[in-house]
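Please look at the structure below and follow the chain with your eye before reading on. The paragraphs after it are meant to be read with the picture beside them.

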Amino acid sequence: MAHQWFQQADFDAMIALASEEARLYLQQVPDRPVRHQADRERLLSVLGGSLATSGAAPEQIVRQLADTAHWGNVACNSPRYFGFVIGGAYPVSLAADWLVSTWDQNAGIYAISPMVSVIEEVAAGWLLDLFGLPNDAGVGFVTGCQMANFTCLAAARHGVLRRIGVDVETEGLAGSPRIHVVTSAESHVTIDIALRYLGFGTRHVHRVAADAQGRMQPDALAAMLETLSGPIIVCAQAGNVNTGSFDPLAEIAALTNAKGAWLHVDGAFGLWAQANPELRHLSRGIELADSWSTDAHKWLNVPYDCGVAIVRHANDHRAAMMSTAAYLVQTAGKERDPTDWGPEFSRRARSVPVYATLASLGRSGVAALIERSCARARQFAGVLAESPGVDILNDVVLNQVLVRFDQDDARTRAVIAAVQQEGTCWLGGTVWHGLAAMRISVSNWATSEADVARSAEAILRCHRMLSASQSG
């Protein structure tokens with residue numbers, strides 16, 4: 001059929017249909033199996049095929065997508081999804097995100113979207129206050145902690161070379177002195193990926209030993225730093241992806257500052273401990289770092305995607321990210337051009353759900369959200385540890401629980417697979433110090449005591465079933 005511009009009635013019909021289907025999906029999430037119920041071939045049979053010459057009716061397309069989602073999606077926003085550090089979406093954040101799509105703003109520069117620019121400025125200030133970080137730090141809203149680490153380490157690269165009179169943005173790494181990058185042996189993979197993107201590579205990264213809970217050892221860092229000279233970037237961690245543990249940040253900051261090194265903290269989910277007064281002791285000294293990365297789509301429970309890059313030295317941050325062109329209308333005043341603080345030029349207004357969620361929860365609401373997740377993680381550990389043949393491998397200091405069954409790799413992996421297939425909850429596996437383990441991450445605002453009790457019982461039921469089948 002010939003292309004026809006949509007009329008208001010078309011928008012009304014599509015929005016009403018999407019709203020209807022979204023309500024149905026959300027109503028079913030709490031009770032549906034968390035796992036997906038289809039394989040690639042079935043999904044392709046419904047969604048695939050050659051692109052048709054003539055388009056289908058919009059209503060038909062929306063209903064097909066909505067119908068397929070019920071059985072083709074993993075219910076990541078379920079209160080019983082514990083597979084990765086993934087939050088659900090607060091109702092207010094989902095509503096705000098719908099408005100973001102409706103407004104269809106390119107949030108790159110103030111001239112295109114003054115409102116979004118100001119919302120981002122306000123949300124950035126709220127986050128700095130919530131985290132107890134310098135109120136004049138640079139803040140960039142990016143896709144996730146991968147790009148937040150990239151952004152922070154780009155600022156670090158610029159900063160450590162600027163101090164010795166080198167402009168890496170014009171000279172490049174080929175014309176610059178070598179930068180020594182130091183990370184924990186337990187650093188997250190996104191640090192390595194960011195280093196690859198930035199031209200550092202990974203072969204020459206200096207790895208510092210970690211303890212039994214995955215925390216960088218300060219004495220090993222001190223010994224490492226003694227062997228290095230020239231520009232140095234140290235990457236520490238707030239919230240180990242397996243155990244939830246925190247590097248001893250105060251000690252690390254003292255060592256890096258004495259050496260004149262740049263300290264970056266990967267706080268993908270652990271930085272949110274700063275928002276809860278009862279947990280701030282875990283991140284003592286974090287405010288002494290030079291840059292910090294985190295995710296809002298993890299513990300703040302806003303829709304995907306939203307990461308945050310924070311840099312103490314705003315000038316280094318902006319210099320590493322900013323670009324100019326004759327055709328752009330860029331501000332020279334107090335107005336904020338969001339593209340100056342992240343790698344994307346055209347980008348979604350992802351600060352809007354952050355603003356809405358923080359405004360709705362307030363300081364006490366965010367603190368309560370963090371505590372609920374930690375309490376549910378402790379509940380998981382307590383219930384599972386009481387069962388014979390079940391071991392908790394980590395100190396449950398945050399929202400992560402590592403579980404092992406019958407002191408056996410094969411049995412542990414079999415329990416994980418059985419739980420995933422059973423569908424009450426969804427969780428994943430990992431390898432911790434050479435041992436197979438089940439990894440439980442509690443991040444969803446809606447996860448209740450009843451959800452944990454139901455999920456723990458499903459885990460133990462799968463364990464008993466496997467044990468009985470082997471005995472038989």
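What follows is a walk through the sheets, the helices packed around them, and the spaces between the parts. Keep in mind throughout that this is a predicted model.

We can begin with the sheet of 7 strands, which is open, has mixed pairing, and runs in the order β1-β7-β6-β5-β4-β2-β3. At its edges stand β1 (residues 138–142) and β3 (residues 206–208), each of which pairs on one side only. If direction is ignored, neighbouring strands of this sheet are turned by 20° against each other on average.

Helix α9 (residues 218–226), for its part, lies across β2, β3 and β4 and runs at about 155° to β3.

Two packed helices are described by the angle between their axes and the distance between the axes. Helix α6 (residues 145–162) packs with helix α11 (residues 314–321) at an angle of about 110°, their axes being 8 Å apart. Angles of 65 to 115 degrees count as roughly perpendicular, and α6 and α11 are therefore described as roughly perpendicular to each other. On the α6 side the contact is made by F150, T151, A154, A155, H158, G159 and R162, while α11 contributes D316, H317, A319, A320 and M321. Sorted by class, the contact of α6 with α11 has 6 nonpolar, 4 polar and 2 charged residues.

How do the axes of α9 and α10 cross? The axes of α9 and helix α10 (residues 249–259) come within 10 Å and cross at roughly 10°. Since angles under 35 degrees count as roughly parallel, that makes α9 roughly parallel to α10. In this contact P218, L221, A222 and L225 of α9 meet E251, I252, L255, T256 and K259 of α10, and by class the residues are 6 nonpolar, 1 polar and 2 charged.

Now turn to the other sheet, which is open, has 4 strands in the order β8-β9-β11-β10, and shows antiparallel pairing. Its edges are β8 (residues 390–392) and β10 (residues 428–432), each with a single partner strand, so one side of each is left without a neighbour in the sheet. From one strand to the next the twist averages 40°. Strand β8 is joined by 3 bridges to strand β9 (residues 400–405), and the two run antiparallel; within this pair, V390 has F405 of β9 as its bridge partner. Helix α13 (residues 409–422) packs on the sheet, touching β9, β10 and β11 (435–441), and its direction makes about 30° with that of β11.

Most residues other than glycine have a negative phi, and most peptide bonds are trans. In the loop between α4 and α5 (114–131) lies D104, whose phi is near 55°, a positive value in a residue other than glycine. In the loop between β6 and β7 you will find D305, and the peptide bond from Y304 to D305 is cis, with omega near 5°.

Finally, consider the spaces. The largest pocket holds about 970 Å³ of space. Of the 36 residues that line the largest pocket, A22, Y25, L26, N77 and L94 are the closest to its centre. Helices α1 (8–28), α3 (58–72) and α4 (91–103) each supply at least two residues of this lining, and the largest share, 7 residues, comes from α3. By class, the lining of the largest pocket has 28 nonpolar, 6 polar and 2 charged residues.

There is also 1 cavity of 30 Å³ or more, and the largest cavity has a volume of about 50 Å³. The largest cavity is lined by D97, V302, P303, Y304, D305, C306, R348, R350 and P353, a group that divides into 5 nonpolar, no polar and 4 charged residues. Both Y304 and D305, the residues joined by the cis peptide bond, belong to this lining.

Note on methods
Residues numbered from 1 in each chain as written. Predicted model: local features only at pLDDT ≥ 70, side-chain atom pairs only at ≥ 80, totals over all residues. Heavy atoms only, no water. Pairing = 2+ DSSP bridges. Axes fitted to C-alpha atoms, helices over the stretch in contact; angles between N-to-C directions. Contact = heavy atoms within 4.5 Å. Parallel < 35°, antiparallel > 145°, perpendicular 65-115°, else oblique. Nonpolar A, V, L, I, M, F, W, Y, C, P; charged D, E, K, R; others polar. 1 Å grid on protein atoms, 1.4 Å probe; cavity = no way out; pocket = protein on both sides within 12 Å on 5 of 7 lines; lining within 4 Å. Points joined across faces, edges and corners; volume = space filled by probe spheres on them.
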